[in-house]
Structure formats: structure tokens, C-alpha cells
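Dear colleague,

Please find the structure below, handed over together with its sequence. My notes on what was found in it follow directly after.

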Amino acid sequence: MSKKQSYYIQNDFIVLFILFVCVSLLAIYNAQQLEQYDANFVLQQIVWFTLGAGIVAAIQFFDMDQLYKASPYIYWFGVLILAVLLISPESIARTVNGAKSWFHLPGFSIQPAEFAKISTILFLAATINKHKIKYEISSIKTDTYLLAKLIVITMIPVLLIMRQPDFGTAMVYLFIAGMIIILSGIDWKIIGALIVGISGIIAAALGFIIRFPELAQELGIAGYQVDRILTWFDPSQQSSDATFHFDRAYMALGSGQLFGKGMGNLQVPFPEAHTDFIFSVIGESFGFIGSAVVIFLYFMLLYKLVTLGLNVYKHSPFAAYISFGFLSLLLIHVFQNIGMTLGIMPVTGIPLLLISYGGSSVLSTMIGFGLVYRVAVEHTIQNDYLFK
């Protein structure tokens, strides 16, 4: 009789993780061949992924019930760190590019907003689960109450992040909350009204910035943020300085053509090639084929998260909403990052998760990955007990 495979060996997640690590290291290796980089980002990324794998393993010691009970404390700890960041002195939290988003500590830096994304997803999932237990029969009143709670939970970190200011990251939080709200079972009449209202506000805000850019800056929107929106809306009307990032990234992506230029043959240098514009490096190095393979990998991971969430929902809504939350996090990062490279989205500092270089980005993503891995483990255990 063959030995039964351990519940903790989830082959699909393991294979996808290994593939993403390989893509990340190859892309970062190519990016650092540009003369503008001296540091060994590949070695550092290996360290981050190793630490991240350790975090994934550590999370497996906690079951869903323990995570459910701990979720409020984890959330409020994340909020506390965001608040501490704002009042910290410049010596440990200096302002970079107009934003106070990082703790700069001896030997490393950390971006609290990246980790607070995961704590917010965890608490949103727990809040929905608790609400559904308390109100087994939903109504307009109970659904409105749930919606209000989810909005408050989301807006607390969002307002703190906007104070940094980091509007790109704040938008990520709003997208995640929006996806979870849509999937939470709230009456579609309420969700429809919410979507119409938010869409109107966003359209009005963008229209105002595009029509009155000087006034928008006077009202507190940073000049570079206004420039990014104007560049996205109509790049032909902007100066070469304003469109520099997009022009170079777009040139690099397109120059790869079908099969790319191969390893170590990059010819288009541009800022943040190893982080925000890593997809351009992939396009130049491996062409359309390589870019399509990377997008397919994301599709497979997102598909896995969708099916996992649907499969576990019946016996653990909390676990299902963790899966949906992490799916939303990946989806918005992939769409925004690749979209800004293609020119269909404004340029922001949002990394391509699991591929872009960055300690906070990698470690926070691995925490989320560890949570959904735990969901998959418990789902396997549940199925095994059911069919014994």
C-alpha cells in the first residue's frame, strides 16, 4: 500500500509558487543588468522568498478558528502601525517622493500598508462570517448594517494611507473591499446603488482633475499625481518629462516582439525596472510569448483561488472570503501594474505581486499566500473526513 500524501502538500500551490519564483528571479536578474543598478537584487529577492516560505510554513500551525478569533487584534495592530508611521520622526520614517510610507530602520525598510492589506482582508472575512451567523435570515436592514461595518473597517486604514499620501495603495484597499462586498451576499439593490454612487464620484473626481489640474493641486492633490492622471488620459498633450516612465516602459515592452531579446540583452533602460515596471523587462527579455506565459500563470492562480473559495464556502465562509480577498488583491495588482505598462491605466507605484522586487511586497504577499494555503489544507482534511 502506498503511503498517503500529507495534507500539507498542496501540489498545485507549490508548483505555482516555484514557477513565480523562477520568473521573478529571471526578470530581476535581467533588470539589474542595466547599468543604473549596482545592488544584487536577485540575492536579496531569494532572501525575501525564503523568509516568505518560512512564514507560509509557520501559518500552517494555526487553524481557521484561531485565525478567526485573532483577526480583530491583527487588524487593529495593522491600523496602529499605520498611525505610528504618520507621527514617527523623519529619522525612522522619512518622506520620499512626497510620501511618508516607509519605516527606514537599520539594514532594511518596511511598508506597513502592504501588511495591513492582509490584516484588513482577514478582518473583513471574519466580520462577514460573524454577521451571517448572527443574522441567518438577511433583510435590507441587516444587509445595510453589514455594508456599513465593511465600509468602516476599510476606510480606517484607507484614510491613514491617504494621509501619507499614497492614493494608489488606498485604491487597492477600496477595490478589495468592493470585491468582497459584491461577493458577501448583500442585496443587489444595495450593491447596485453603491456602485452607481462610487462610479459617479470617481468620474466626477477624474473629470475635475483633468479639467482643472491647477485647482486640483491647490486643493491638496500632489502635482505628480495630477501629471500621472493627465498622462494616462491624454499622453499626446503632455511633456516628454511627464510621459518618460510610460514611454520607456512601453518601448521596452514592444521591442521584445514575439520571442524577446533573451537573457542579458536589455537595451532600453528606465527607472524602477526591477519593481514597478518589471513586466516591461519580461516583455523585452522574453517577448509576447513570455509575457503571455506570465499572464497565464496569474490566470491559473486566480482560477485556483476562485474554485477554492467556492468549494470551502459551505463549511467555512470565513475561509472562503479569505480566498476571495487574496484573489482581489492579486487581481487589482496584476491589472493595474500590467495596465500601466500598456498605457490603459495611470502610472502608480503598485508592484506586480510575486514577481516585482521588494521585501514588504514579497513578505506581505506570502502571508496572504500562507493563509489561502491553510484554507486549502483544511479543505483537503475536510474532504478526507467526509469520504472516509
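Ser280 is buried, with a relative accessible area of 0%, where buried means under 20% relative accessible area, exposed over 50% and partly exposed in between, with a 1.4 Å probe and protein chains only. This is a predicted model, in which local features need pLDDT of at least 70 and side-chain atom pairs count only at pLDDT 80 or more, while totals for chains, interfaces and linings use all residues. Residues are numbered from 1 along each chain as its sequence is written, and side-chain values use heavy atoms, with hydrogens and water left out.

Ser280 belongs to helix α11, which covers residues 278–312; helices (H or I, at least four residues) and strands (E, at least two) are DSSP runs numbered from the N terminus. Leaving aside residues up to four places away in sequence, Ser280 touches Ala249, Ala252, Leu253, Phe270 and Thr341, a contact being heavy atoms within 4.5 Å.

**The chain as a whole**

The chain has 13 helices and two strands. Its radius of gyration is 22 Å, close to the 21 Å that the globule rule gives for 388 residues, so the chain is as compact as a globular protein of that length; the radius is taken over C-alpha atoms, and the rule is 2.2 Å times the number of residues to the power 0.38. Along the principal axes, the C-alpha atoms fill a box of roughly 60 × 60 × 40 Å. Of the 388 residues, 48% count as buried, and among contacts between residues at least 6 apart in sequence, 69% join residues at least 24 apart.

**Cavities**

Two cavities of 30 Å³ or more are present in the structure. On a 1 Å grid over the protein atoms alone, a cavity is a set of points where a 1.4 Å probe fits but cannot get out, a pocket is an open set with protein on both sides within 12 Å along at least five of seven lines, and lining residues have an atom within 4 Å of a point. Grid points are joined across faces, edges and corners, and a volume is the space filled by probe spheres set on the points.

The largest cavity holds about 40 Å³ of space, and its lining consists of Ile118, Ile121, Ile322, Phe326, Gly368, Leu371 and Val372. Two or more of these residues come from each of α4 (112–134), α12 (317–342) and α13 (359–386), with α13 giving the most, three residues.

The second largest cavity has a volume of about 30 Å³ and is lined by Lys117, Thr120, Ile121, Leu124, Tyr173, Ile176 and Ala177. Here α4 and α6 (167–183) are the elements that give two or more residues, and α4 gives the most, with four.

With kind regards
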